[in-house]
Amino acid sequence: MKLYRLTLLACLLVVSFTGLKAQEQSRFVYGGGVSIAISDYLDIDISPRVGYKLTPDFTVGLLAKYEYLDYDNTSEPYKANIYGGGAYAQYNVSSLFANQSLPFNIYAHTEYQYLYSKIDWKRDNYSNYDTRNRWFVGGGFSVPFGVKSSFYTTIMYDILAVIENKGDEYSNKPVISVGVQF
């Protein structure tokens, strides 16, 4: 079993370094985020993405999403598995400030997601299925490290949730996404 893990780790490292070397001549960008929130609930989110730089400042791409939620400390405890995907576009507005030498990039960002949820209600032993469209609009900044890598932080609002749930206090809250791009 230990040999299997070492072999798998070695293969992943070789693929990673080969991919990074090939990327130096490529307009493709790869990345995504992983988040874990633990308080009175558990929330694990994995969101890989791949994009293509149409210009040095404008990138479009595809994303995938998986999120696991486990709420025990509510009046109706439940678990949820959320799957989905979508597309995004991002424009680097730092280039508009060409006279400035900034140590980071500022960008405008939008993304569309289509999500499928399976919710298991613990108390009633009942499952429910749901689909949801999400359209995020916002912006953020990225801090470069290495040759083609950067850490990013994006703050977005779900425009469709705001429109559809005018009285819902949670629909007006921003979503903060943090990740790495190569």
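Me: Why is Arg49 called buried?

Reply: The relative accessible area of Arg49 is 13%. Buried means under 20%, exposed over 50% and partly exposed in between (1.4 Å probe, protein chains only), so Arg49 counts as buried. This is a predicted model, in which local features need pLDDT of at least 70 and side-chain atom pairs count only at pLDDT 80 or more, while totals for chains, interfaces and linings use all residues. Residues are numbered from 1 along each chain as its sequence is written, and side-chain values use heavy atoms, with hydrogens and water left out.

Me: What makes the pair Arg49 and Glu111 a polar contact?

Reply: Their side chains are joined at 3.2 Å. A polar contact requires a pair of N or O atoms within 3.5 Å; within protein, one must be able to donate a hydrogen and the other to accept it, and residues adjacent in sequence count only if both atoms are side-chain atoms. Arg49 itself is found in strand β2, where a strand is a DSSP run (E) of at least two residues and a helix one (H or I) of at least four, numbered from the N terminus.

Me: How do you know whether Asp45 is buried or exposed?

Reply: Asp45 has a relative accessible area of 10%, so the label buried applies to Asp45. Asp45 also lies in strand β2, residues 41–53. Its side chain makes a polar contact of 2.6 Å with the side chain of Ser47.

Me: Why is Asn125 called exposed?

Reply: The relative accessibility of Asn125 is 74%, and therefore Asn125 counts as exposed. Asn125 lies in the loop between β5 and β6 (126–145). Although Asn125 is not a glycine, its phi is positive, at about 50 degrees.

Me: Which residues form the largest nonpolar core?

Reply: Six residues form this core: Leu69, Tyr78, Ala80, Ile82, Leu115 and Ile119. A nonpolar core is a set of buried Ala, Val, Leu, Ile, Met, Phe, Trp, Tyr and Cys residues joined through side-chain atoms within 4.5 Å. Strand β4 gives the most to this core, with three residues.

Me: Which element of the protein chain has the lowest mean pLDDT?

Reply: Helix α1 (residues 2–23) has the lowest mean pLDDT, 44, whereas strand β4 (residues 78–92) has the highest, 96. The pLDDT is the predictor's confidence in each residue, from 0 to 100. Over residues 1–23 the pLDDT is below 50. Where pLDDT is low, the predicted coordinates should not be read in detail.

Technical notes
Contact means heavy atoms within 4.5 Å.
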